[in-house]
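Thanks for coming, everyone. Let me put the structure up, and then I'll talk you through part of it.

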Amino acid sequence: MKISVIHDYADALRRTSAFPKLKEHEVVIHNDAYNDPAQVVEQVRGCDALLLTQQRVPITRDILRQLPELKFISQTGRNVSHLDLEACTAHGVLVSAGGHEADSPYTVTGELTWALILAALRHLPYEVERLKQGHWHSTIGTRLHGRTLGIYSFGHIGSGVARVGRAFGMKVVCWGRESSLARAKAEGFEAAPGREAFFERADVLSLHLKSNDATRGIITAADLARMKPTALLVNSSRAPIIEDGALVAALKRGRPGFAAVDVYEQEPVVGASHPLLKLKNALCTPHLGYSEHTSYEFVYAGGVEQLLAYAAGKPINVVNPEALK
């Protein structure tokens, strides 16, 4: 097969143990970041198969219409919300999604969450750059011990972040659905008495909600307005869970006083085009949450396994079996 790999920003696939397994196939890897659908068509045209990394690029009906040779998409991970599965089926494009998930106790996204918290509260990016320019320190950081950490959604990632917060000597307060709060209480964490109190009390508030129709815009401008002017909001989850435009407006008003963000409404962010990048009280990273060597080993192992199974005529993890007809 001729296989196109797009949006592999860090050229990660080539460095995994799974890559040599594709030696019998022609693999073309593209590392550039972009949002133009025409570039997707350009990089995939003439290929039999497409390997996608997580949810970095949407595959729409219009894109598929321009790729008559494409017959198979191997998606790393189980999330296919960015794929028009109905259009894939209509165009005879089989989709496999699943493969292997990374195995880590707190997840790499939880680790990045703490990197964001510490970097923001101790002004690390600013001080590192200033030192390179010949200056000594000029800011005062904020300690974690004794502060209140708010965890919105005590799931797989949120629970790990909460445990680390407790190890730092923070008072951890949780909010979310009843099932989420029940899990938090079972581990000895406090549930906030109400939504308003949750946002008002947190010194650091970390979001760990999945993005779907039920959670879109669930964090409102009114919620943010209740936060302390000294508070830090951290979003390493998904951007749409915050009401559109609310975070930028809130930061300009000073409630919360600071934000650390790893996710954006449209990704990748190119040309420094996002308004958060223009704010001094926002620390922004380019969706690094799951970008880690071991994680890539797992997800690409699954993606390659799906490609090889399809090439052998025995596809696995198929999400649109109708396309086989």
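A word on sources. This is a predicted model, where local features need pLDDT of at least 70, side-chain atom pairs count only at pLDDT 80 or more, and totals for chains, interfaces and linings use all residues. Residues are numbered from 1 along each chain as its sequence is written, and side-chain values use heavy atoms, with hydrogens and water left out.

The sheet. It is open, with seven strands in the order β8-β7-β6-β9-β10-β11-β12 and parallel pairing. At the edges sit β8 (190–191) and β12 (282–284), each pairing on one side only. Strands here are DSSP runs of E, at least two residues; helices are runs of H or I, at least four; both are numbered from the N terminus. Two strands pair if DSSP finds at least two bridges between them. β7 (residues 171–175) has two bridges to β8. There, Val 173 stands opposite Glu 190.

Now the helices. α6 (residues 156–167) lies across β6, β7 and β9. It runs at about 170 degrees to β6. Those axes are lines fitted to C-alpha atoms, for helices over the stretch in contact, with angles from 0 to 180 degrees between N-to-C directions. Contact means heavy atoms within 4.5 Å.

Last, Leu 247, in helix α10 (residues 246–253). Buried or exposed? Buried, because its relative accessibility is 9%; the cut-off is under 20% relative accessible area, with a 1.4 Å probe and protein chains only. Beyond neighbours within four places in sequence, Leu 247's contacts include Leu 224, Ile 242 and Val 261.

How values were computed: Buried < 20%, exposed > 50% of the residue type's maximum accessible area, 1.4 Å probe, protein only.
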